[in-house]
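Visitor: I would like to learn how to read a fold like this one. Could you walk me through it?

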Amino acid sequence: MPILECLKVSKAYGGLLAVSALSFAVEPGEVYAIVGPNGAGKTSLFDCISGINPATGGVIKFRDREIQGLRPHDICRRGLARTFQTTVAFDSQTVLTNVLVGSTFGREGKDPFVSFKPAAIEAALDALALCGLAGLQRARAGSLPVLARKRLMLATALATRPELLLLDEPVGGLNPAERTQMIDLIRKVARTGVTILMIEHVMKAVQALANRILVIHHGQQIAEGPPSKVLRDPRVIEVYLGTLRPMGPDAEPANA
Ligand SMILES: Nc1ncnc2c1ncn2[C@@H]1O[C@H](COP(=O)(O)OP(=O)(O)OP(=O)(O)O)[C@@H](O)[C@H]1O
Ligand SMILES: [Mg+2]
């Protein structure tokens, strides 16, 4: 049984159809990548799945239960966490506090008084260690350089103890050396058993991590399958790369 199923999911912003009757399924334990040109509707799709900006049509099932009508925090507490294309954090707070907020409110959060339970503290410390932030717990989030900020956003999402993690351009904005470090970290996260649905423009990261790829254009599917097949699809090369050159490991979209 898939962990996530999107069935004819659509998202309209007024007259603009950003996601158009898109259907796909993510299997437990895989890394599933979504690629497509700027404005293809990738982030809009994540906003629908995570409840940030609900779908205007279709059905979204997480672990066989419909979630398309739920609020973001309810979806998160069921085990579906996400990161954002632009790094977000509580900048005036420490790294540790940021991750504790994830592990506490992203899991239960019914307690009107803030109390960090032992399980939440443990989850926060585990997430910090996994993401290489153990030595930065006291640092103010707003003072971190970009790679550490991305690690923090990932740690905060992981601290909610998700079964499915959505990553929106996790290596975007990083230099090549930093990209390699982030790819290694995502691989480590995947090995812990978390299923990953990832939007990514950087083909090196997609090829290093993805079991399957979905290519979308104007909110619609144009190809799906293993990287070896999808990245050689002439339609994908034409639409995504804007040239008939086959995609090499460092290929990036012409318009990125
Ligand atoms: N909140 C919004 N209100 C109105 N239109 C929006 C909104 N968010 C996105 N759009 C539009 O929807 C379309 C899809 O945008 P989206 O951000 O989902 O694309 P994307 O595939 O994530 O692109 P990128 O690769 O640049 O991040 C674009 O035409 C965009 O301008
Ligand atoms: Mg986007």
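Guide: Gladly; please keep in mind that this is a predicted model. Let us begin with the open sheet, whose six strands follow the order β6-β7-β8-β3-β9-β10 with mixed pairing.

Visitor: Which strands stand at the edges of the sheet?

Guide: Those are β6 (80-82) and β10 (220-225). Each has a single partner strand, so one side of each lacks a neighbour in the sheet. On average, neighbouring strands here are turned by 15 degrees against each other, direction ignored.

Visitor: How do β9 and β10 run, parallel or antiparallel?

Guide: In general, strands of a sheet pair through backbone hydrogen bonds, and either direction can occur. Here β9 (residues 212-217) and β10 run antiparallel, joined by five bridges. To find the pairing on screen, look for Ile213, which stands opposite Gly225 in β10.

Visitor: Which helix packs on this sheet?

Guide: Helix α1 (residues 42-50) does, touching β3 (31-35), β6, β7 (164-168), β8 (195-199) and β9. The direction of α1 makes about 150 degrees with that of β7.

Visitor: And how do α3 and α5 cross?

Guide: Their axes come within 7 Å and cross at roughly 35 degrees, and the crossing is right-handed. Val95, Asn98, Val99 and Gly102 in α3 meet Leu152, Ala155, Thr156 and Ala157 in α5. By class, that contact has five nonpolar, three polar and no charged residues.

Visitor: Last one: why is Ser115 called exposed?

Guide: Exposed means 12 or fewer other C-beta atoms within 10 Å, and Ser115 has 8, so it counts as exposed. Ser115 is found in the loop between α3 (95-105) and α4 (118-130).

Conventions: Residues are numbered from 1 along each chain as its sequence is written. Chains are lettered from A and ligands numbered from 1 in the order in which they are written. This is a predicted model: local features need pLDDT of at least 70, side-chain atom pairs count only at pLDDT 80 or more; totals for chains, interfaces and linings use all residues. Helices (H or I, at least four residues) and strands (E, at least two) are DSSP runs, numbered from the N terminus. A residue is buried if 20 or more other C-beta atoms lie within 10 Å of its own, exposed if 12 or fewer, and partly exposed in between; C-beta atoms are placed from the backbone. Axes are lines fitted to C-alpha atoms, for helices over the stretch in contact, and angles run from 0 to 180 degrees between N-to-C directions. A crossing is left-handed if the near helix is turned anticlockwise from the far one by less than a right angle, and right-handed if clockwise. Two residues are in contact if their C-beta atoms, placed from the backbone, lie within 7 Å. Ala, Val, Leu, Ile, Met, Phe, Trp, Tyr, Cys and Pro count as nonpolar, Asp, Glu, Lys and Arg as charged, and the others, Gly among them, as polar. Two strands pair if DSSP finds at least two bridges between them.
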